[in-house]
Amino acid sequence: MEETIVSKKRMLSGIKPSGDLTLGSYLGAIKNWKERADEFECYYFMADLHAITVRQNPADLRRRTMEQLAQYIACGLDPEKNTLFIQSHVHQHAELGWVLNCYAMFGELSRMTQFKDKSAKNADNINGGLFTYPSLMAADILLYQPDYVPVGEDQKQHVELTHTIARRFNSVYGDVFKLPEPYIPKVGARVMSLTNPTAKMSKSENEDTGRILLMDSPEQIMRQFKRAVTDSETCVRFDKENKPGVSNLMTIYAACTGKTFEEIEREFDGQGYGAFKPAVGEAVVETLRPIREEARRLLADKAYLQDVCRKGAERAGYAAEKTLRKVYKKVGFAAR
Ligand code: TRP
């Protein structure tokens, strides 16, 4: 029997190891990635080059990078099926990042909302890397010629700028880069802070209230959910505008249990938040338990993790090098 070989579509994404992974990272990103492994050829990386645009404690950065790798795997990203790697292990990122800096305009970079936000938050360290962050991100993406880039809403602008840069480059040198689509999943795309439900649950935030980390104990998780902000009504109803806290809890509950909003409204009809909040907590505890346990087990096996990131970097480097060679030739760098 003849077999048809259909080349799979490619997908790529990264997360900065600038904070510990949260429930938001899992429900909003990683959980969706793992469902793509058979359908797509996937590349996922720890964006440590991006992390240093904000000052990091070196020991923490190193620890978090390895933890993140262990957590990716524990969340179900099989390193045999997915290419998992550490950004700084694949030198082509920094190299293409430099080239693309020369094709990203000052005005474009100045208009990025993330740059404006971070400049406001780190007024004493508005460094060049923070400013050119999107050129490096464009390099991360374009090196691999992916079809899709799964990102959160807040990164869409960077993917759009990637398009602009790629189009500009292609218009001068021909079709070098493929233009990828951002891929924003519908369910659980945006998990908000439990104490400030109009802001995203952030891993970089210092205060530990309002967020759930993948490695939190069941007691910590339950405590956070009992403290979650709701509203002065008592009914469990989805209304993002007027009931952001409750709607966020419903989003989390739906993502953990697979129930629809209508089913959840019916389940807690007449019961008030006293029953609802701990139920959400329990669902989260059960969702995260196997992940935490598996991540712990993997972290104890340093040789295995090192093997995974070595193989990942090799595979990624191979794909990245192809694109980089082409780019170097096109812009006129002399052959080695
Ligand atoms: N900027 C992304 C974030 O802060 C992380 C990232 C870096 C990324 N490079 C990327 C995401 C390339 C997707 C593709 O979340």
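**Rings, ligand shell and loops in a predicted model**

Tyr 43, Phe 45, Phe 85 and Tyr 144 are joined by ring pairs into a cluster. Rings here are those of Phe, Tyr and Trp (the six-membered ring for Trp), and two of them pair if their centres lie within 6.5 Å; planes under 30 degrees apart make a pair stacked, over 60 edge-to-face, and the rest tilted. The model is a predicted one, so local features need pLDDT of at least 70 and side-chain atom pairs count only at pLDDT 80 or more, while totals for chains, interfaces and linings use all residues. Residues are numbered from 1 along each chain as its sequence is written, and side-chain values use heavy atoms, with hydrogens and water left out.

By the ring rule, the count comes to 17 aromatic pairs. One of them is formed by Trp 33 and Tyr 72, edge-to-face, at 5.7 Å centre to centre and with 85° between the planes. Trp 33 sits in helix H1 (residues 23–34) and Tyr 72 in helix H3 (residues 58–74), so this pair ties together parts 39 residues apart in sequence. Helices (H or I, at least four residues) and strands (E, at least two) are DSSP runs, numbered from the N terminus.

The phi angle of Gln 145 is near 50°, a positive value in a residue other than glycine.

On to the ligand. Of the 14 residues around the ligand, Lys 16, Tyr 133, Met 137, Asp 140 and Gln 155 come nearest; a residue is near a molecule if one of its heavy atoms lies within 4 Å of that molecule. Some polar contacts (pairs of N or O atoms within 3.5 Å) can be picked out here. Lys 16 places a polar side-chain atom 2.7 Å from an oxygen atom of the ligand. Tyr 133 has a polar side-chain atom 2.7 Å from a nitrogen atom of the ligand, and for Asp 140 a polar side-chain atom is 2.6 Å from a ligand nitrogen. Taken alone, the ligand exposes 360 Å², and the protein buries 93% of that (Shrake-Rupley areas with a 1.4 Å probe).

Strand E1 (9–15) and helix H7 (128–142) are the elements that give two or more residues to the shell around the ligand. H7 contributes the most, with four residues. Sorted by class, the shell has eight nonpolar, four polar and two charged residues. In that scheme, Ala, Val, Leu, Ile, Met, Phe, Trp, Tyr, Cys and Pro are nonpolar, Asp, Glu, Lys and Arg are charged, and the others, Gly among them, are polar.

As for cysteines, a search of the whole structure finds zero disulfides, a disulfide being a pair of cysteine sulfur atoms within 2.5 Å. The sulfur of Cys 309 is too far for a bond, because the closest cysteine sulfur, in Cys 75, is 17 Å away. Cys 309 counts as buried at 4% relative accessibility, whereas Cys 235 is partly exposed at 35%.

Thr 234, in the loop between helix H9 (218–226) and helix H10 (244–257), is exposed, with a relative accessible area of 56%. Its C-alpha atom is 6.2 Å from that of Tyr 273, 39 residues apart along the chain. Glu 233 lies in the loop between H9 and H10 too and is partly exposed at 37% relative accessibility. The C-alpha atoms of Glu 233 and Gly 272, 39 residues apart along the chain, are separated by 8.5 Å. Gly 281, by contrast, has its place in helix H12 (residues 273–299) and is buried at 0%. Between the C-alpha atoms of Gly 281 and Arg 223, 58 residues apart along the chain, the separation is 8.3 Å.

Terms used: Polar contact = N/O pair within 3.5 Å; in protein donor to acceptor, adjacent residues only side chain to side chain. Buried < 20%, exposed > 50% of the residue type's maximum accessible area, 1.4 Å probe, protein only.
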